[in-house]
Amino acid sequence: MVDERTARELRGLARVLVRSGYADHAAITAALTEAVAEDAPDMDAAALVPLLIGEAVMDVAEDANGWPEVTDPERLEAVLAELEALGVVVVRYTADHHDARQVLEAATEPQGLVFFTDTDVWHAVDFGMLELKVWHPDTANVAPGEPLLEDVLALLNERNLPATFDEGRIEVTLDWQRRVVL
């Protein structure tokens with residue numbers, strides 16, 4: 001048997017993994033299996049994990065019935081695609097800045113880098129704010145007044161995604177309503 005707190009935490013993890021819309025079924029299963037083994041070792045992960053995923057998928061599908069035709073993550077994706085067309089490297093849902101840096105360094109003539117991590121998305125799922133990191137091609141952070149930062153902020157705001165630069169990152173206010181297919 002698992003205590004109420006652990007059960008709530010496992011459901012919460014399943015929720016953010018599924019609602020992120022980036023993790024596939026195998027990745028979600030692996031992360032939840034690891035969490036069950038660590039936090040509820042007496043539970044049968046093979047039986048519990050599909051239940052956690054199923055519940056999270058049903059919840060997001062039910063919520064999606066009330067979402068607008070075009071969601072904030074869809075508008076965000078349009079901004080990211082526009083940045084990519086301008087030569088900016090975009091890394092979505094990465095494990096950390098090291099992975100993003102590797103993608104930037106492998107790019108040919110990048111105009112900069114915009115990235116966000118898996119935990120940034122999980123925060124957006126729960127709190128309605130996504131942190132975007134913006135770097136120059138040499139991996140230096142952008143600073144206020146620089147064209148790359150101003151361009152990213154302008155595109156976000158044009159797409160109705162309120163964004164401000166704070167402490168080295170862009171904070172984008174959005175409802176994380178990403179359509180999920182598992």
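Five strands of this predicted model form an open sheet in the order S1-S2-S3-S5-S4, with mixed pairing, where a strand is a DSSP run (E) of at least two residues, a helix a DSSP run (H or I) of at least four, both numbered from the N terminus, and two strands pair if DSSP finds at least two bridges between them. Strands S1 and S4 are the edge strands, each pairing on one side only, and the twist averages 25° from one strand to the next.

Residues are numbered from 1 along each chain as its sequence is written, and side-chain values use heavy atoms, with hydrogens and water left out.

| S1 | 88–94 |
| S2 | 112–117 |
| S3 | 129–135 |
| S4 | 163–166 |

Helix H7 lies across S1, S2, S3, S4 and S5, running at about 150° to S4, where axes are lines fitted to C-alpha atoms, for helices over the stretch in contact, and angles run from 0 to 180 degrees between N-to-C directions.

Leu149 belongs to helix H7, which spans residues 147–158, and is buried, with a relative accessible area of 1% (buried means under 20%, exposed over 50% and partly exposed in between, with a 1.4 Å probe and protein chains only). Not counting residues up to four places away in sequence, Leu149 touches Val142, Ala143, Pro144, Phe165 and Ile170, contact meaning heavy atoms within 4.5 Å.

Ile170 is also among the residues with the most contacts inside the largest nonpolar core, which has 47 residues; such a core is a set of buried Ala, Val, Leu, Ile, Met, Phe, Trp, Tyr and Cys residues joined through side-chain atoms within 4.5 Å. Helix H3 (residues 45–64) gives the largest share of this core, seven residues. Domain 1 (4–65) and domain 2 (72–173) both contribute residues, so the core lies between them, the domain bounds coming from an automatic or database domain assignment. A second, separate core of seven residues includes Val91, Ala100, Phe115 and Trp135.

Notes: Predicted model: local features only at pLDDT ≥ 70, side-chain atom pairs only at ≥ 80, totals over all residues.
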